Amino acid sequence: MKLTDSNVIRFHLQVLYGISVKSLEKKRERLMISVSKIFGVPLENLPRCYIPEFGLVPCFLVDACSFLLERGGTVGLFRKPGCLAKLNRGESCLSTALPYDVATLIKQFSRELPEPLFPSELHAALLKAQSLPNLQDRMAALQLLSCLLPARNASCLHYMFDYLAKVSQRCSENLMTSSNLAIVFAPCLLPPPNTTEMSEGRLELRVHVLRTFIENPHLFGMRSVKTVPLIQGGSKLRPPEQSHGSTSGDRPTLRRSLGLDSFPNILLFRTYMPSAGNYMAKESDWNV
């Protein structure tokens with residue numbers, strides 16, 4: 001029986017880190033609807049543009065983040081509320097909007113998607129990965145989990161975290177560190193599904209997951225996973241001999257970057273984004 005890439009990743013997570021991952025539900029294909037509508041629309045029905053570094057990303061998100069890049073020093077960006085006017089009529093009004101308005105629209109866009117960008121089936125596994133005591137294990141498990149995301153979700157999240165990393169790098173101007181941004185975006189990207197998940201500890205874990213991705217957007221930089229033979233009777237996977245004919249050049253492998261000696265042949269295409277300073281964020285930001 002030939003294992004699929006996702007099955008290999010699930011096996012690896014279970015054996016090495018004790019993380020079980022639910023299978024993602026196969027969503028029924030939706031009929032195309034009016035492309036003039038932006039909010040509350042499935043990703044596959046939104047106008048998207050191809051960016052080589054990330055893949056297909058919603059045009060609205062690209063336009064909004066590009067607009068805010070030039071205004072990244074705005075104090076309290078994404079924390080201070082802006083106008084909640086929607087773009088559902090398809091009007092191009094970003095060029096005349098205030099930074100707080102556009103930042104609020106990005107949060108609203110993420111929050112109103114019919115399905116969260118991080119599917120609910122992955123939430124428990126993400127929290128368990130973030131709870132691993134060893135930093136290398138934690139980073140490796142989160143990166144593997146990002147491989148299980150549908151391509152459209154992964155492209156959108158990769159683009160968003162890359163942008164938020166740039167915002168956090170200007171925290172001396174905007175006071176928005178990776179921690180602050182993670183608190184603001186947790187209800188949008190990792191919304192708790194029930195009251196049980198609303199405990200302080202569980203909410204904090206969700207914030208830490210997002211902070212890790214904001215500080216390390218390259219975790220979404222994996223483009224392919226090759227299946228490898230499983231070694232019967234062992235507690236861990238063993239890598240096959242490395243080929244001397246690799247064409248990957250100097251690009252770092254996941255094994256070399258994260259210490260995952262047992263999961264070969266995965267390439268990283270992103271470089272490390274340094275984390276920002278450490279400002280405290282208010283709990284009230286959960287309500288923005």
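**View 1. Helix 6, its length and its cover.** Helix 6 runs over residues 151-168 of this predicted model (helices are DSSP runs of H or I with at least four residues, strands are E runs of at least two, and both are numbered from the N terminus). Its end C-alpha atoms lie 25 Å apart, which agrees with the 26 Å that its 18 residues should span at 1.5 Å a residue (the expected span is 1.5 Å times one less than the number of residues). Helix 6 is also mostly covered, with 15 of its 18 residues buried (buried means under 20% relative accessible area, exposed over 50%, partly exposed in between, with a 1.4 Å probe and protein chains only).

Residues are numbered from 1 along each chain as its sequence is written, and side-chain values use heavy atoms, leaving out hydrogens and water. As the model is predicted, local features need pLDDT of at least 70 and side-chain atom pairs count only at pLDDT 80 or more, while totals for chains, interfaces and linings use all residues.

**View 2. The largest nonpolar core.** This core has 72 residues, and Leu-13, Phe-78, Phe-118, Phe-161, Phe-185 and Leu-189 touch the most other members (a nonpolar core is a set of buried Ala, Val, Leu, Ile, Met, Phe, Trp, Tyr and Cys residues joined through side-chain atoms within 4.5 Å). Helix 6 gives the largest share of this core, 9 residues. Look next at Leu-189: beyond its neighbours within four places in sequence, its contacts include Phe-118, Leu-157, Phe-161 and Leu-210 (contact means heavy atoms within 4.5 Å).

View 3. Among the buried residues of helix 2 are Phe-60, Leu-61, Cys-65 and Phe-67. The buried residues of this helix pack against strand 1 (48-51), strand 2 (55-58), helix 3 and helix 6. Strands 1 and 2 pair in the antiparallel sense over 4 bridges (pairing takes at least two DSSP bridges between two strands). A hairpin through 3 residues joins strand 1 to strand 2, and Arg-48 stands opposite Pro-58 in strand 2.

**View 4. The start of helix 5.** Here a side-chain oxygen of Asn-134 comes to within 2.9 Å of the backbone nitrogen of Gln-136. The buried residues of helix 5 include Arg-138, Gln-143 and Ser-146.

**View 5. Where to be careful.** The mean pLDDT of the protein chain is 76, and 66% of its residues reach 70 or more (pLDDT is the predictor's confidence in each residue, from 0 to 100). Over residues 28-35 pLDDT stays under 50, and over residues 223-288 it is below 50.

Key: A polar contact is a pair of N or O atoms within 3.5 Å; within protein, one must be able to donate a hydrogen and the other to accept it, and residues adjacent in sequence count only if both atoms are side-chain atoms.
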